[in-house]
Amino acid sequence: MGSVYTDKGPHSTNRRYPGFSFYKSAGVEVRNVTLHDSGGMALIAENCRDVVCSQYRVEVPPQSGRMVSASADATHFVGCSGKIVLRACRFESMLDDATNIHGVYITVVDRFSGNRFGASFGHFQQEGFDFAEQGDSLVFIDRADLGVLGCGRVEEVNHVNENYYIIRTGFDLSAIPDSVHIAVGNRAADADVEISECTVRYNRARSFLLSTPGDVCVENSDLSSMMAGIRICGDANYWFESGRTRNVVIRNNRFGTMATGGRSPQAVLQIDPVISHDARSGGTPYHGCIRFEGNLVESFDNQLIYALSVDSLVISRNRFVDSRRFEPRFAGLSVIDAQHCRSVTVRNNDFSGWKENSTISLVDCSEHCLEGEEMPRMVENPNPYFYEN
């Protein structure tokens, strides 16, 4: 009674009609544009360089009574380079994320010789993507632990069909055992990202998904989405979205009520590369340096930050406030949960408005520094819900 039902169509075909589609373009600017309806991504850019969205709004018309603006992401960037800028944008009422910035992993399915192989896309929604050209630099990874196996430049590429490539590179795969499942990423997808003064609200999924090796800065934005606030992943087993971040700064933002939906806990900052449990210990962390600084977090669920396989995680000068808007969905979790990270610093944060008796969980983090007043106590209480594979 009182609910509203929406239907975006069959899973395999419901993203065919984006609002804006850019392909192999450079110097693109979308300025002072409002989009009210899209049967797919509101904006998608593939293999583009230097894209700026300024005062770009995805929203339903005021007083229209409508519930949905775009049936998928407000913006989506695949295999892009140069710089991606989102400035003073407003993203509302989408059925998916405000932005998703990533590369693509393809999987090696045939080995023809030491440096020649056949590869396919791991997810049907990537089929047809223009993965690589002659001269591109590829990185080969182990799908189990996302560790780097080697690199090689494309010497020859044959795009057989929309789901199969035959590629010859300067990297010899013959030394890699057949038991190792290999994924391949293109290092050309290395965009820097600047997001500032943006608003995200009323959407079904996450605010920002950021998986790019370029410099990333998210600042002075107001985010309130149904699932995670900022998600930093890396995945060669389901969505097959690369990649490995190097330098991410998240500062001076406001995070409102989040994590009201999603099957598993959804953190305000969720760093969750898909690495199987038995491959998490040892080796090089998947992500580089991630800094979460000077943010205001006003939320209700217990876990605010989840981090897996980060080289350097810095959480400083943030204010955490229990909004008490809802009862916690996952009450037993720690406010900060870091697993298999090399270095974790939690310094000079304000927990005075947060829940009593909260904890910080660190598991297999070789270096840690916890400083400040009213600090939650440190325990080992790892989140059991993420990727139980």
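Author: Relative accessible area comes first: under 20% is buried, over 50% is exposed, and partly exposed lies in between (1.4 Å probe, protein chains only). The model is predicted, with local features requiring pLDDT of at least 70, side-chain atom pairs pLDDT 80 or more, and totals for chains, interfaces and linings using all residues. Residues are numbered from 1 along each chain as its sequence is written, and side-chain values use heavy atoms, without hydrogens and water.

The residue is glycine 135. Its relative accessible area is 32%, so glycine 135 counts as partly exposed. Glycine 135 sits in the loop that links strand 9 (116-121) to strand 10 (137-142). Strands are DSSP runs of E, at least two residues long, numbered from the N terminus. Now its partners. With neighbours within four places in sequence left out, glycine 135 touches Arg153 and Val154; contact here is heavy atoms within 4.5 Å. Asparagine 383 lies 248 residues away along the chain from glycine 135, and their C-alpha atoms are 42 Å apart.

Now the backbone elsewhere. Asparagine 32 has phi near 55 degrees, and asparagine 32 is part of strand 2 (residues 26-35). Arginine 324 has a positive phi of about 55 degrees too. Arginine 324 is in the loop between strand 28 (319-322) and strand 29 (336-339). Its relative accessible area is 62%, so arginine 324 is exposed.

Next, the rings. There are twelve aromatic pairs in the structure. Rings of Phe, Tyr and Trp (its six-membered ring) pair with centres within 6.5 Å; planes under 30 degrees apart are stacked, over 60 edge-to-face, the rest tilted. Phenylalanine 20 and phenylalanine 22 are stacked, because their ring centres are 6.3 Å apart and their planes meet at 15 degrees. Phenylalanine 20 is partly exposed at 25% relative accessible area, while phenylalanine 22 is buried at 17%. Tyrosine 238 and tryptophan 239 are edge-to-face, because their centres are 5.3 Å apart and their planes stand at 90 degrees. Tyrosine 238 is exposed at 53% relative accessibility; tryptophan 239 is partly exposed at 31%. Phe20 and Phe22 also belong to one aromatic cluster with Tyr56 and Phe91.

That leads to the core. A nonpolar core is a set of buried Ala, Val, Leu, Ile, Met, Phe, Trp, Tyr and Cys residues joined through side-chain atoms within 4.5 Å. The largest one holds 63 residues, and Tyr56, Phe91, Phe208, Ile230 and Phe292 have the most contacts inside it. Strand 4 (residues 49-58) gives this core its largest share, four residues. Take phenylalanine 292. Beyond its neighbours within four places in sequence, its contacts include Ile250, Phe255, Val268, Leu269, Val297 and Ile305. Also among them are Val314, Ile315, Ser316, Asn318 and Phe320. A second, separate core has 21 residues, including Val104, Phe117, Leu173 and Val180.
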